[in-house]
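Hello,

Here is the structure I promised to pass on to you. Have a look at it first, and then read on for what turned up when I went through it.

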Amino acid sequence: MAQTVTAEAAGIAPPLAPARTPPRPRRRKRVLTWIGVHTLAVTAVLFFILPFVFLFLTSVMSNKQALTSDLWPTSWEWGNYTKVMKTPGFGTWWRNTLMYAGLGTLFTVVSSLPVAYALAKFRFRFRGVALMLVISSMMLPPQVIIIPMYIFWAKQMHLSGTLWPLIIPMAFGDAFTIFLLRQFLLTIPSEYLDAARVDGCGELRILISIVVPMIRPAIAAVALFQFFYCWNDYFGPQVYASENPGAWTLSYGLESFKGAHQVNWNLMMAATLLVMAPVILVFFFAQKAFIEGVTLTGVKG
Amino acid sequence: MTTTAPAAAKVPAALRRQRRRRNLRTLAFLSPWLIGFSVFFAYPLGATVYYSFTRYDLINPPVWVGMRNWNYVLNDYPPLWQALRNTLWLVVVMVTLRVIFGLGLGMLAIRLKRGGGLFRTLSYLPYLAPPVAATIGFAFLLNPGTGPVNHLLGNVGMPQPGWFNDPDWSKPALTLLALWGIGDLLVIFTASLLDVPREQYEAAELDGVGPWQRFRYVTWPAITPVVLFAVVTGVIQTMQYYTQAMVAGKVASGIIGNSGQSFEPGYPQGTTLTLPQLVYEEGFSTFNTGAACVISLLLFVIAMAFTFLLLRRRSGLLDDD
């Protein structure tokens, strides 16, 4: 049997050969399929990439040319990028965005971990109810509770005009993060934890020194999600910080480039690309963790 | 452990103490969320119900007005119905097209042997573009006068729609933007398509079935749960649709961003209006807080209805393993 297979593979079994090579029409069909699949793939990639190319080409045009329907820049004005970075406010928005995204991510992960651990590994009476409430609050549109929240932060805490009303709640767990971490934690066999318990290890120590190292990829994924969420947030800064340009983030301030420079599409596009760039850079460095996270939300959930 | 008898006698008290300690420990681990849930979810939700029965301009104390806000929003407030109609359009067209497009791309991605990884990375990239940046980018690309898209369409003699500036084309333009950011669906569809057992395809091949039947009887049954998940989360996201519609309206209408110039969401002619934008408009532009809370609660009821649908159909979400 094994001999026949090797003989076939080597092509020294003449009687079998015609069956191995597909007849002509079938091979042609395969070639046509190959062409079809690759044409579709190239078309799709063009649809995804060309917008970036057009934005970039416009971002290096002169003010005058950016107002025409030209596609290719006649003079390459790299200075547009320095002009954008020197625009008053742009540096502050960068700092604010980094603070919002950095602190927000840190707070979210630290506060959500113990909750996710308890929901995954402790047995207690209202666990099912708690989990359902977590999932419900995950699905809640942020606009539903915005009126009382604004009244609370502005009237009671006097924090409107800052980003703190967005950052502070993140120190009290985020439903999506809790849910995702819990899904990951379920995959850890409880025997590991029981072994540590027998050795007299407290739950907090188990969480920090055994569980956290094991679920590092999951932590990376939820941290990335939260970072992107803060980076992209438009509604939050619009509600709490719109009155104070000193507290704007990049996502919120970006719009005002249209104001500062009338319809200078070239500067606008340069600023747009500068806001996109960090997110895309982060993605290239952390692609694996990110894709794993996205997959987990939809497939294994 | 050598003296079994006294230990057995002590068990109830020790057990009780142990149980109490365990409960306290659970409570401690859950405490961040318990506080967060009560202060940033339960309390504001209750307060929204309360404010929906009051007149409150954020300066003077709230005044109880009974059902007046509810009557006003449900009977004398045409933007509500327009926003609901727009949302329905987006659910039917945008969510459906996104699922079909994502599925098609996923099937394409798994057929590419060389360059499959590159294809997936490049297709995923637009999903990462911050929504504000992506929307401003599209407002430029689709701008009717000088935008590259209409320039190219003109070159090949195709009609040049007004996109974000035309009431008939504003929602299709937003749909195009949503299809560009298909990355999330591409990833989950690709993963689930790769999970379809290969043997079933081979068996189908042996039976000599065509590509459509192979999809219908092998692929589709295996991926239905993921498609359902994509549809339901798509609907929930559409309920919250805000940033893209707001920014596209602002940029296309030529309102100078954030300069204090008032902008009524929904440009052009209310065709991009959604419920969250109405909440913002009533709550923070016209300071009709009571009406904003009524709209918030309608949004809440719709979103929760779909969440329960998700939980019921995917009870696996609540399982342990």
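Where do the two domains of chain B lie along its sequence? The assignment puts domain 1 at residues 4–51 and domain 2 at 78–318. Between the C-alpha centres of domain 1 of chain B and domain 2 of chain B there are 41 Å. Please keep in mind throughout that this is a predicted model.

Now to where the chains meet. On the chain A side, 73 residues are in contact with 79 residues of chain B. Helix α3 of chain A (residues 24–59) gives the largest share of the side of chain A that touches chain B, with eleven residues. By residue type, that side of chain A has 52 nonpolar residues, 18 polar ones and three charged ones.

Chain A itself has 18 helices and zero strands. Of its 301 residues, 38% are buried. Among the contacts in chain A with a separation of 6 or more, 73% are between residues 24 or more positions apart.

One residue to look up in chain A is A:Lys121, in helix α6 (residues 90–121) of chain A. A:Lys121 counts as partly exposed because it has 18 C-beta neighbours inside 10 Å, and a residue needs 20 or more to be buried. Apart from its neighbours within four places in sequence, A:Lys121 is in contact with A:Leu185, A:Ser190 and A:Leu193. From A:Lys121 to A:Thr105 is 16 residues in sequence and 24 Å in space, C-alpha to C-alpha.

Is α8(B) largely enclosed or open? Ten of its twelve residues are buried, so α8(B) is largely enclosed by the rest of the structure. The buried residues of α8(B) include B:Leu185, B:Leu186, B:Val187, B:Ile188 and B:Phe189, and B:Asp184 is also one of them.

B:Asn155 counts as exposed because it has 9 C-beta neighbours inside 10 Å, and 12 or fewer makes a residue exposed. B:Asn155 and B:Leu74 are 81 residues apart in sequence, and their C-alpha atoms are 48 Å apart in space.

How values were computed: Residues numbered from 1 in each chain as written. Chains lettered and ligands numbered in written order. Predicted model: local features only at pLDDT ≥ 70, side-chain atom pairs only at ≥ 80, totals over all residues. Contact = placed C-beta atoms within 7 Å. Helix = DSSP H or I, 4+ residues; strand = E, 2+ residues; numbered from the N terminus. Nonpolar A, V, L, I, M, F, W, Y, C, P; charged D, E, K, R; others polar. Domains from an automatic or database assignment.
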